[in-house]
Amino acid sequence: MGRILEDVTVLDLTRQFPAALSAAFLGDFGARIIRLDLLPTAPSAPTGRWNHEADLIHRNKLSVAINPSTPRGREVIRSLAAKADVIVTDWQRDELAAMALDYAAASAARADIIHARLSGFGPEGPDQDLPAIDELAAARTGAMPMLPQPGQPPVYTGAGAMHAMGQLAFGIVTALLHRLQTGEGQQVDVSLFGANMYGSALDLQAFLAIGHGDRLLNPISRLDVSNPMSGSVYMSADGRWVTLTMPDTDRWWPAFSGILGIPQDDARFDTHEKRTAVNRLALIGELEERFRREPADHWRRQFQEKQLSADIIERFDFPANDPGVYANRYIIDLEHPSFGKVKSLGFPVWVSDSPARLERLAPCVGQHTDQVLHELLGLSRQSIHELADAGVLS
Amino acid sequence: MSKALEGVRVIDLTVWFQGPVSAQYLADFGADVIKVERPQGGDQGRGVRSIKSLEVGDWNQYFLVINRNKKSMAIDLKKPEGQEILYRLVEKSDVFLSNLAPEMLAGWNLTYEKLSAINPKLVYATNTGYGKFSKVTKPSFDMTVQALTGVMARLGEPGQPPIYLGMGSGDAYGGIMSALGIVLALYECRRTGKGQSLDASLYGAQLYLAAPQLQAYLAGNESSALQHSRREVENPLWNLYPTSGKWIYICEPNEDGRFAALRRALGEPAALAVPAFATAAQRRTNNEALIATIEAQTLKQGHETLMAALRAAGVVASPVNNFADVVRDAQAWQNQYFMKAYCEEVQREVDIRGLPVRLSKTPGEVRSLGPQLGQDTEILMMDLLGYEWEQIEALKAKGAIP
């Protein structure tokens, strides 16, 4: 079993979920991720509960704890950066510059470094230094007002931050490929603003192209969807929701009308045009009434039997108990040293010969300081002890 | 300027959205992406003529934007002669990508086993619906798979219907995850000379998309699966508020200094200067009352006035824009998140979604919008695959190519 990124060392200067998870993703595929924890760390009382977030976004990482307020501490941090192939960060630019960890300084120390940053709003323009907060980016990106039902508050989904996570990792590996070919390093920038636009890709592109349209600016009632058989939701008898995606209604109508007890040749609905335009609202009304006659499980069986593109809208208990999810390692069972058997999010991409793997849970702060300074910087045990005694490390 | 994925050739046997987006990321960075389509009608995405009952306009932005920078070959892969053409292409390619059903690929003799025997360095990437090791066999579309993940059911106010994250939202995420898997496998191939197969499914990607809340649920926090009201969030300083115009999103930690700044922005109303809201702990305990009190203030003014006051007080906040606002947002254009591109179909420049990933020395680019069906079939067969014109005529006669 190979480790795809085994020759790559990443310095992780991240604070927030998405960029931290990008670094962990590279670690899942074998990169050596060195997370820098700055001393002194804020004291946190033990909760007695599993820190499930840390064991996701910091898994497969080593932790080095250094105090940047000392000159020797800053020197050690710069030496680490000079040994790294990749820096991943979500720090603000002035913070990076203050520690000589911006691209100019880092590439002066190591010309072929890949310097990857998650920003709020991109590296150009008047808002380049606004904070990297996903809610701000999402609010500005335009999709929030159209997601709910009419009259309801806008909806924040968090999908933009996760798009940024994937795009940042993609940018890094693409830059690594280029470096392998040419020896050239570079900067990578992905922003929450740009990523949120990709999260709402089709609607936004439609508005860009069309330039108008209430149906792209305001919520559409579920009882006014453009196609009663696609993108729609209906409540079933037990209060659970059904959703349909059958855009080409001609293909699906014979089987679909059958499970609902609507005659296939009902003259109101016997063409695509009638179903989606002329008698659209009548069909929505009919479906609304008929789906309420049976519970969700009944509909699921019908959808499965007739191979319809439709399903039940589930809660997290569904994937948590879905054997297919474990077979694919989208969720994994693991033995936690303190909390025993737990379930944790696994790996979204399956690779045959060099699969993602969980080698270690989140490190304690400074757990690997000695090891990394010795192995990577060649510091002797003696000098590491001296630095620790001087309060530079822990 | 050089291109990061120069020299990488990709066979893009994909339709609709997720697969084409995956290959779009590669094409933007200079990979030579050859879209292979059925001769009759090609990718079904070519047929999209309306979105939400709105005509898409005189150019098909659904298809042309995600298939930009690509070439197109029309090949009938149901015919053995068509499969032979594809095999020749496999010899010359680094990546094979498809989001067609695995049974369909098997029926056309395009399995990993078959193609890797032709080219052992091949990266063979699929986008299944529910994962390579799932036993589920039924059609998978973005929304029906998103429904299963639990991500829809937790959104919206309590009692409201579940919320879909937006058209193509899950496909777009599956697309970036697929592209990420492909560049990882290419990296390994460049180092070791070995290809392999990979799968990025819609289901797997969208479960990962739910990471923050799903991980909390797995750790025993059952409420993270449920809808939560904005009237009950734990920190009233990080919340959505209505104004007489647009909604605004205030994003501040629950700290005394930040609360003081918010009070300043709201004109120091007496209702907020009460002991019940004096400390962080009290603001957390009395969150519902505080949210209602702040809302009573924000509703008194329009979003522009309020945003000016918030900015003056140093409070981090944004109006909740709509698409009409964002398409005019200079920040988006300056960072090339939106771009102009020439559209052959209508012979003018059009506005498109641009480049969300920026590489400083090897930037992505948009050289052309999506290709016409089969526009490169003959030239690629001659120049790349070494067919003689007589052979091409013979394959046309057999219907392997149009």
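1. The contact between the chains. In this predicted model, chain A and chain B meet over a contact that takes 119 residues from chain A and 115 residues from chain B. On the side of chain A that touches chain B, the largest share comes from helix H7 (residues 159-182) of chain A, with 15 residues. Sorted by type, the residues on this side of chain A are 67 nonpolar, 36 polar and 16 charged.

2. Strand S12 (residues 349-351) of chain A pairs with strand S8 (residues 196-200) of chain B. The sense of the pairing is antiparallel, and it runs over 3 bridges. Within this pairing, the residue opposite Val349(A) is Ala200(B), which belongs to S8(B).

3. Chain A as a whole. Chain A has 394 residues, of which 53% are buried. Its secondary structure consists of 18 helices and 12 strands. Along the principal axes, the C-alpha atoms of chain A fill a box of roughly 85 × 50 × 45 Å. Take the contacts in chain A between residues at least 6 apart in sequence: 68% of them join residues at least 24 apart.

4. Domains of chain A. The domain assignment divides chain A into domain 1 (9-199 + 331-389) and domain 2 (224-235 + 241-312). Each of these domains is given as two stretches of sequence. Taken over C-alpha atoms, the centres of domain 1 of chain A and domain 2 of chain A are 45 Å apart.

5. Domains of chain B. For chain B the assignment gives domain 1 (9-211 + 335-397) and domain 2 (232-322). Here domain 1 is given as two stretches, while domain 2 is given as one. The centres of domain 1 of chain B and domain 2 of chain B are separated by 45 Å, again taken over C-alpha atoms.

6. A helix of chain B. Helix H12 (residues 287-298) of chain B has 12 residues. From its first C-alpha to its last, H12(B) reaches 16 Å, close to the 16 Å expected at 1.5 Å a residue. Which residues of H12(B) are buried? They are Asn287(B), Leu290(B), Ile291(B), Ile294(B) and Thr298(B). These residues lie on the same side of H12(B), because they cover an arc of only 100 degrees around the axis.

Technical notes. Residues are numbered from 1 along each chain as its sequence is written. Chains are lettered from A and ligands numbered from 1 in the order in which they are written. This is a predicted model: local features need pLDDT of at least 70, side-chain atom pairs count only at pLDDT 80 or more; totals for chains, interfaces and linings use all residues. Domain bounds come from an automatic or database domain assignment. Helices (H or I, at least four residues) and strands (E, at least two) are DSSP runs, numbered from the N terminus. A residue is buried if 20 or more other C-beta atoms lie within 10 Å of its own, exposed if 12 or fewer, and partly exposed in between; C-beta atoms are placed from the backbone. Two residues are in contact if their C-beta atoms, placed from the backbone, lie within 7 Å. Ala, Val, Leu, Ile, Met, Phe, Trp, Tyr, Cys and Pro count as nonpolar, Asp, Glu, Lys and Arg as charged, and the others, Gly among them, as polar. Two strands pair if DSSP finds at least two bridges between them. The expected span of a helix is 1.5 Å times one less than its number of residues. The arc is that of the directions from the helix axis to the C-beta atoms.
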